[in-house]
Amino acid sequence: MRVLVAGATGVIGHPLVGALRARGHEVSALVRQESRQRVPEAVEVVVADALDREAVLAAVSAARPEVVVHQMTALRLLGEDPVAAFALTARLRTEGTAHLIEAARAAGARRLVAQSIAFAAAPAGQPVLDEDAPLYVDAPDPGWAATVGAVAELERLVSDSGLAGAVLRYGTLYGPGTSYARDGGGAQAVLAGQLPLPGDGAGITSFLHVDDAVQAAVAAVESEATGVFHVTDDDPAPAAQWLPHYAHTLGAPPPRTIPADLAPRLLGWFMAHQLTAAHGAANDRARTALGWKPLHPSWRDGLGEE
Ligand SMILES: NC(=O)c1ccc[n+]([C@@H]2O[C@H](COP(=O)([O-])OP(=O)(O)OC[C@H]3O[C@@H](n4cnc5c(N)ncnc54)[C@H](OP(=O)(O)O)[C@@H]3O)[C@@H](O)[C@H]2O)c1
């Protein structure tokens, strides 16, 4: 099939291009002018900033894809400018998605696969939630409420697009290039003793190895299934389990504990929420509908090792 990958220089997008080509697909990459040299070799390139509607329309029309894959975020900026990283990522999820959908339809594409997140649910109900659980659009932190609002808008746009749409809600990514990699920001924080365990560490994280994110995107490109899918490993775990394990694997001292009510001030609202209150995400629907299953079923066998 002819597949256009937007975000082809990213932690997921770059290996995804290779994985799709290995399956025999004709892949083109939508990239910004300044990022052309980071595209995998031997791939057709079309140039556009996703926030520039006219440029996206022209680029997608030139690529003539059957399937469009949206793997764009600005989260690479998180270390240097978190406010810009979240604001731009929200725009890529709303305006960027709308531009891609308009362009995909105009170019005659029939399918869209878009990246979302599996940790945007409101912390209510079962400890591990399915895709029908309400999103935390009314989170008490305005920044997180805005992020979740943009996620909800992306999912609505895909659902109403008139294309066969699949939204992949990725779990917390680990593996090469991610913040949990040994050289990533999360690992550096743990090694420096800057990621303590608040309260009883009951917040649940559903992790996902970056290779499994790539394989789920390949499965979604090749599937006819539509809807929203949690793409997470099989082992949702509370912070009280994964954080000490991660520290040990990194060779860091065990995380100290702090009172839960100090966590938002010390760690920021989102990390405090993730470590104390978040619920996990069940992957049954992706397994059944996409025929995908994680090759890394548990973070216990790899988090912090690469
Ligand atoms: N999902 C999560 O679990 C989560 C949460 C927080 C942090 N993170 C971290 O974020 C990264 C996630 O990987 P990812 O593949 O989603 O992100 P990524 O590696 O930052 O890739 C994002 C892609 O979007 C493209 N892009 C950004 N702005 C664009 C624009 N205006 N127009 C066109 N393309 C644009 C980038 O291209 P350029 O090369 O031009 O920039 C890049 O190809 C990991 O490092 C992960 O640890 C992930």
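With a relative accessible area of 35%, D234 is partly exposed (between the limits for buried, under 20%, and exposed, over 50%, with a 1.4 Å probe and protein chains only). This is a predicted model, in which local features need pLDDT of at least 70 and side-chain atom pairs count only at pLDDT 80 or more, while totals for chains, interfaces and linings use all residues. Residues are numbered from 1 along each chain as its sequence is written, and side-chain values use heavy atoms, with hydrogens and water left out.

D234 is paired with R287 in a salt bridge, and the closest N and O atoms are 2.7 Å apart (the criterion is a side-chain nitrogen of Lys or Arg within 4 Å of a carboxyl oxygen of Asp or Glu). R287 belongs to helix α10 and D234 to the loop between β12 and β13 (237–238), so this pair ties together parts that are 53 residues apart in sequence (helices are DSSP runs of H or I with at least four residues, strands are runs of E with at least two, and both are numbered from the N terminus). R287 is itself partly exposed, at 31% relative accessibility. Salt bridges with shared partners also join R2, E26 and E44 into one network.

## Further salt bridges

In total, the structure holds 15 salt bridges. One of them joins the side chains of E224 and R110, with an N to O distance of 3.7 Å. E224 is in the loop between α6 and β12 (227–231), and R110 is in the loop between α3 (82–106) and β5 (111–117), so the contact ties together parts that are 114 residues apart in sequence. E224 is exposed, at 56% relative accessibility, whereas R110 is partly exposed, with a relative accessible area of 33%.

A salt bridge also links R285 to E131, their closest N and O atoms being 3.5 Å apart. R285 is located in helix α10 (residues 284–290) and E131 in the loop between β6 (128–129) and α4 (142–159), so the two tie together parts that are 154 residues apart in sequence. R285 is partly exposed, at 30% relative accessibility, but E131 is buried, with a relative accessible area of 8%.

## Strand β2 and residue A29

A29 is part of strand β2 (residues 26–31). This residue is buried, and its relative accessible area is 0%. A29 and A6 are 23 residues apart along the chain, and their C-alpha atoms are separated by 6.0 Å.

When residues up to four places away in sequence are not counted, A29 touches L4, V5, A8, V39, V43, E44, V45 and V46 (contact means heavy atoms within 4.5 Å). E44, one of these contacts, also belongs to the salt-bridge network with R2 and E26.

## Helix α9

Within helix α9 (residues 269–276), the residues A272, H273, Q274 and L275 are buried.

Leaving aside residues up to four places away in sequence, M271 touches Y180 and L195. The C-alpha atoms of M271 and A114 are separated by 25 Å, and these residues are 157 places apart along the chain.

## Residue D211

D211 is placed in helix α6 (residues 210–222). The residue is partly exposed, with a relative accessible area of 39%.
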